[in-house]
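Hi everyone, thanks for making time.

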Amino acid sequence: MQQSNQSSTLRRLTTVDEVEAVVGRPASVVVLKQISALDEGCRAVLARCPVAAFGYRDADGVSRTTFIGGTPGFARVHSPTRISFSLPESGVPHGPVSFFFLLPGVGEVLRVNGSVAAHKGAETTVDVEEAYVHCAQAVLRSRLWQPPGPPGPPVPAGPAAGLAGDGPLCRPGVAEFLAAAPFLALSTWDRSGGSDTSPRGDRRTVARILDGRTLAIPDRRGNKRADTLHNLLQDDRLSLAALVPGRAGVLHVRGRGAITDDPALLETMALRGTPPHLALLIDVEHAEVSGNDAVARSRPWTPGAHVDRGTVPDLMALAGEHLAAGSAGTGGGPPAFLLRLIGAIPGVDRLLRLVMNRAYRSGLRKEGYEDVGPGAGGRRRGSVRRRSVADGGTEGTENPLREVRIAEVRRETPSALTLVLEDVGKNPGTFDFRPGQFFTLVAGVDGRTVRRAYSASSAPGSSRLEVTVKHIEGGRFSTHVHRNLRPGDRLAVCGPSGTFHTEPRPPDQIVLVAAGSGVTPMMSMIRARLADRPGRDRIALLHSSRSAEETIFGDELTRLAKDNPDRLSVTHVLTGRDGRLDADGVRRWVTGLSPARDAHYYVCGPGPLMDTVQGVLAGLGVPDELVHQEHYTSARGTGTVATVPQEMTVERDGRPVGTVVVEPGQTLLDAGLAAGLPMPYSCTVGNCGDCMVRLRGGEVAQGEPNCLTPGQRADGYVLTCVGRPLSKVTLDITDQ
């Protein structure tokens, strides 16, 4: 192992005897708690667990640790010995892997080890080989589940304060993240193909920087199982992922580890005069802070994310059941029948919990911790500060999501289908909107939350909402819709949104021009108008498509025009047959209609078509206020991205609502939503303007093109859905 100057002189332990002379040997009862398949209790934990630490090695043998999940039940249990999950990372796991599953608000974790069985896209399938409950000490030491509070006094960072050089720990944002990180997941492997990912927690900061490439992690007293220490004696390669409560980012580190009992180093990690018995030295090869979708989506530090204790088994009671099963299988440890008899006594689970909580407190106090134990009071340093409702702040977020199920999937063309959505539950509500408006669909795709806006194609007021999705080559969401979604699947919707819509009392004549899937909002207008306004009103549609086969709603439009000849006319242009729709063609069609002077024009499609129609209508003297446009474009990347985390403060009417750290590459909107701030939004791709806020301070880079007008830009407005901070920023979300 390459060693830094500062750590090269520290004594190292290299044998099992040396390690066990310090930590002792694990008692047989510890090993007996391990089971070889997921029992009913384990499956209940996985069904409620929203996030887990995951350690694996890729095909090149590179060690990686990350956090996966985002929603309860993300790990799908196929059998007692097989699970699967999505891994939204570039590395593909191979060989032995390991997890620990976290229940927000609960101290103990469920550890699962196994090996990779199969891959399909982002889906990884694992064969389970062992599972057991890990004690709560790491979580309690770190106070992991306590809500982040206001910044406290500076955290001692040792050499990190003046860190310089080209080592991995000198990378932007790394030292600052480590100084605030009280908890991490550490992954190691042995020579026989076993993997272990264990939790590590400490007060304020769990890993200390010794120099630009060396970390030291205190190893305080535990259950003597010491898998990490024994693994490092066989294979020194390791990886870790660190958390800061309140932040959606994760610090990923990999390198090589060693064990030391150097008294001088251990003394620097003492708590109230009690040093750890050992420390891990990590020669860091790579360190990087990045956003993590599982942490952002699960929001584990918000009180609402903490599990209802009545919905999951008490993990200490579950450990007791595992011990009874292990004792029966081996004949070692306490008699299995006695353990089962004790477990059947009414109220014994609660008594066991009280005993264990007292044992946790006693053990942690002996290590030098103050104010310890489940439910311990106090607040710790964090990076998200939120005002309570009583203080004039706000809880939760605006634009609440509405859970829906897919009632029907209807194929419109080879490349377009319609999702028919209805509320989940026995009493579905109606979908009320103005014809032409859009809804934002929200779904988990390859382990990430993806939002996309689609115009409603149905008429408003029904208990079912129809949105039509055209498959876009390389489009993450549209590909997911076309390949994976089936009746019965669930999504969330947000909306309605958008200013492209007909008025409650539309004029007697509307003229519609659309290309491709731009016909979807027009279909909502046509359906609503024909259903609600019998009379002399007229609708004219000019629709450009590639071919008759690719004409969305082609058959229905033909039928509606035939049934309503005095009210609806439809003209199709097939570019494969007629060529692309140009200005002369648009002008001939519009003048042939002899439209009324107060007719309103609605145009939806690609930018070139919009410009063509706008030019034709202006040349015909149509006032701008009678022309309505909907752009079907998505903002591209900014091209400029900050390499360090940036602080974002959100205000409303001049009063602070909250402050959050935006990780490198993260948008302002994603960071705000992950922290539970009341960020307005809808389309999330820069089209609608619902997320427009005023930039009060700092610099923001935005994806282009987007819907901001030159005047709005000049007035200091930005779009949070495509905006990324280049510095510390302050946003005003006061209603515009």
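So, V519, M523, I526, R527 and L530 in helix α13 meet E556, L557 and L560 in helix α14. By "meet" I'm talking about contact, which is heavy atoms within 4.5 Å. Sorted by class, that contact has six nonpolar, no polar and two charged residues. The classes go like this: Ala, Val, Leu, Ile, Met, Phe, Trp, Tyr, Cys and Pro count as nonpolar, Asp, Glu, Lys and Arg as charged, and the others, Gly among them, as polar.

Before I go on, a word on what you're looking at: it's a predicted model, where local features need pLDDT of at least 70, side-chain atom pairs count only at pLDDT 80 or more, and totals for chains, interfaces and linings use all residues. Residues are numbered from 1 along each chain as its sequence is written, and side-chain values use heavy atoms, with hydrogens and water left out.

Back to our two helices. α13 covers residues 519-532 and α14 covers residues 554-563. Helices here are DSSP runs of H or I with at least four residues, strands are runs of E with at least two, and both are numbered from the N terminus. How do α13 and α14 pack, in angle and in distance between axes? The angle is about 30°, and the axes are 12 Å apart. Those axes are lines fitted to C-alpha atoms, for helices over the stretch in contact, and the angles run from 0 to 180 degrees between N-to-C directions. α13 and α14 are therefore roughly parallel to each other. The cut-offs: under 35 degrees counts as roughly parallel, over 145 as roughly antiparallel, 65 to 115 as roughly perpendicular, and the rest as oblique. The crossing of this pair is left-handed, meaning the near helix is turned anticlockwise from the far one by less than a right angle; clockwise would be right-handed.

Now a second pair, α1 and α6. Helix α1 is residues 16-23, and its axis comes within 10 Å of the α6 axis, crossing at roughly 165°. That makes α1 roughly antiparallel to α6, and this crossing is right-handed. On the α1 side we have V16, V19, E20 and V23, and they meet L229, H230 and L233 in α6. By class, that contact has five nonpolar, one polar and one charged residues.

Why is α6 described as largely enclosed by the rest of the structure? Because six of its eight residues, in the stretch 227-234, are buried. Those are T228, L229, H230, N231, L232 and L233. Buried means under 20% relative accessible area, exposed means over 50%, and partly exposed is in between, using a 1.4 Å probe and protein chains only.

Let's zoom out for a second. The protein chain has 736 residues, and 54% of them are buried. Its secondary structure comes to 19 helices and 35 strands. Of the contacts between residues at least 6 apart in sequence, 71% join residues at least 24 apart.

V511 sits in strand β24, residues 509-515, and is buried at 1% relative accessible area. Leaving out residues up to four places away in sequence, V511 touches A540, W589, L593, H600, Y601 and Y602.

Last, some backbone details. In strand β23 we find P496, and the peptide bond from G495 to P496 is cis, with omega near 10°. F553 has a positive phi of about 65° although it is not a glycine, and S594 has one of about 50°, also without being a glycine. Buried or exposed, for F553 and for S594? F553, in the loop between β25 and α14, is buried at 3%. S594, in the loop between α16 and β27, is exposed at 53%.
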